[in-house]
Amino acid sequence: MFTSRHCYLSAKLATVSRNSSLKVNFGRASISASLPRTPLRRSMASTTLQNHASLVEFGQKHVTHGLGRSVEAVMTKGEGSYVFLGDGRRLLDFSAGIGVTNLGHCHPKVSGAAAAQCMNIVHAQCSIAFAEPYLHLIEKLLPMMPDPSLDSFFFWNSGSEAIEAAIKMARVITGKQNIIAMQGGYHGRTFGAMAVTKSKTVYSEGFHPLMPGVYTLPYPYWHHHALPPSTSVDELTKLSLHQLSLLLAQQTAPRDTAAILIEPVMGEGGYIPAPPAFLKGVREICDKEGILLIIDEVQSGFGRTGKNFAIEHSGVRPDIMTIAKGLANGFPLSGVVSKKEYTDKLKPGSMGGTYAGNAVACAAACAVADVFREEKILDNVNARSEELFTALNALRTNPATKEAILDVRGKGLMVAVEFASPKGTGPYDPFTKPNVPEKLASKIAKRCQEKGLLILTTSVYEVIRFIPPLNISKEELAEGTKIFAEAVEEVVKGI
Ligand SMILES: Cc1ncc(COP(=O)(O)O)c(C=O)c1O
């Protein structure tokens, strides 16, 4: 049950005593660990960067220009559904660190498990020996898998690395090279992942040549077929499956095609759930042609869409599945899962990485899996999702805002509002509305921030995405949707 506060806030938070011991209490369980006798926080006086403004200025000067930022501030603390900034602001966090802190910031069970593991062994290198939390994590994940065939795991650090591993595996398992990726798909910024990322050119602009052998299929998203938002999912499914048949007939023959890579809910590309019939159709083609289906659950996994994994909404079996983000609630951990029969084809040493499957991150992920069960997170996602959709759909009937909204879509707590645009993506975009203000999504996100809500835009369209923590309370969700509705109305009216 979720009350007005996270249930864990009633638990005693981590307390670090002066005599250097750390104790974390949550419910009946408790974790204690000894800490070395070193100052816990380096005094700000030991650096010249004494105030928030000078820290921000320092960051702007010395942190690479290649990083974008939504807030020009320092995030100093995270607690449950809120983040605190060095300038004194407290923001309700509907970004969850881009879909990562699914159990809120610093969930005491997760942070506690990591702290305890830190005092045991931090770096139990995976090519040297097994690590206990690594194995315990597999034990906890096995019953959560969308198909029992998914029984062989490799953990890495980031989602991009999991994609790299999935591509390598698909090539070795099939002995084929080409990968079909979705238009609008996002899979990361490393070289292999960048080659299959098709959501924005900024991710590959200037970095060519990319990994060869990648072909792109229009996703069943109305924009990709130049059809109106009201187009039925059946129609979109047929069009995308038709394009897949053409791709295999005209560009990459099945005998050269190793895998088809799909996000079951497209993330960066605009928060678009793949219709189950589309996923089933792709599965059938994969089975017929000996092509592997790679399902990227990096953003949509771990309860985000109301089931453990978004692919479960379709009942389709992945051959390879990538996971990350919510897996460890903020500790860097990703994974690639497949079946043993396939992964037995990999030569020992062909997979690995110095920090791959770090023991502290695995211990945190074990705690995440426990909390999911104990706190009935999926029930909360489904209840809050209904409230979120009700609030957002109200904007579609509100005379002050309805003209500006093209679409409200998503699953669970992976939800988006797409706004209209006067120019769209170019002169041939058939869905422009000359009377609405330009850049609505970024203006609304900025207005939300001014009002205390951290929320992100996404895609090349005017889209705002809702990715709140999965254990967000009813009151917090209502607070966020109220701010959002006010911001939309103000920006649309041009106040
Ligand atoms: C679906 C999907 N795949 C892969 C990635 C890449 O993950 P990372 O940023 O951890 O490399 C992301 C990141 O947003 C993602 O959303």
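In the predicted model, the ligand is surrounded by 15 residues, of which G159, S160, G188, V298 and Q299 are the closest. Helix α5, spanning residues 159-174, supplies the largest share of this shell, with 3 residues. When the residues of the shell around the ligand are sorted by class, 5 are nonpolar, 7 are polar and 3 are charged.

Two packed helices are described by the angle between their axes and the distance between the axes. In the pair formed by helix α7 (residues 233-250) and helix α8 (residues 276-289), the axes lie 9 Å apart and the packing angle is about 25°. Because angles under 35 degrees count as roughly parallel, α7 is described as roughly parallel to α8. The crossing in which α7 passes α8 is right-handed. On the side of α7, the contact is made by D234, T237, S240, L241, L244 and L248, while α8 contributes A277, F278, G281, V282, I285 and E289. By class, this contact of α7 with α8 comprises 7 nonpolar, 3 polar and 2 charged residues.

The second pair consists of helix α4 (residues 132-141) and helix α10 (residues 359-374), whose axes come within 8 Å and cross at roughly 30°. The two helices α4 and α10 are therefore roughly parallel to each other, and α4 passes α10 in a left-handed crossing. Here P133, Y134, H136, L137, K140 and L141 of α4 meet A359, C362, A363, A365, C366 and A369 of α10. Sorted by class, the contact of α4 with α10 has 10 nonpolar residues, 1 polar residue and 1 charged residue.

Helix α10 also contains F372. This residue, F372, is classed as buried because 21 other C-beta atoms lie within 10 Å, the threshold for that class being 20 or more. Leaving aside residues up to four places away in sequence, F372 touches G303 and I377.

The class composition of the contact of α11 with α13 is 6 nonpolar, 1 polar and 3 charged residues.

Among the strands, β16 (residues 405-411) includes L406. The residue L406 counts as buried because it has 23 C-beta neighbours inside 10 Å. With residues up to four places away in sequence not counted, L406 touches P229, E418, F419, A420 and F431. One of these partners, F431, is 25 residues from L406 along the chain, and the C-alpha atoms of the two residues are separated by 9.1 Å.

A cis peptide bond, with omega of about 5°, joins H208 and P209, and P209 is placed in the loop between α6 (191-195) and β9 (214-217). In the loop between α2 (96-99) and α3 (108-118), C106 is found; the phi of C106 is near 55°, which is a positive value in a residue other than glycine. With 18 other C-beta atoms within 10 Å, C106 is partly exposed, since this class lies between the limits of 12 or fewer for exposed residues and 20 or more for buried ones. A positive phi of about 55° is likewise found in A226, although A226 is not a glycine. The place of A226 is in the loop between β9 and α7, and A226 is classed as exposed because 12 other C-beta atoms lie within 10 Å.

Terms used: Residues numbered from 1 in each chain as written. Predicted model: local features only at pLDDT ≥ 70, side-chain atom pairs only at ≥ 80, totals over all residues. Near = placed C-beta within 6 Å. Helix = DSSP H or I, 4+ residues; strand = E, 2+ residues; numbered from the N terminus. Nonpolar A, V, L, I, M, F, W, Y, C, P; charged D, E, K, R; others polar. Contact = placed C-beta atoms within 7 Å. Axes fitted to C-alpha atoms, helices over the stretch in contact; angles between N-to-C directions. Parallel < 35°, antiparallel > 145°, perpendicular 65-115°, else oblique. Left-handed = near helix turned anticlockwise from the far one by under 90°.
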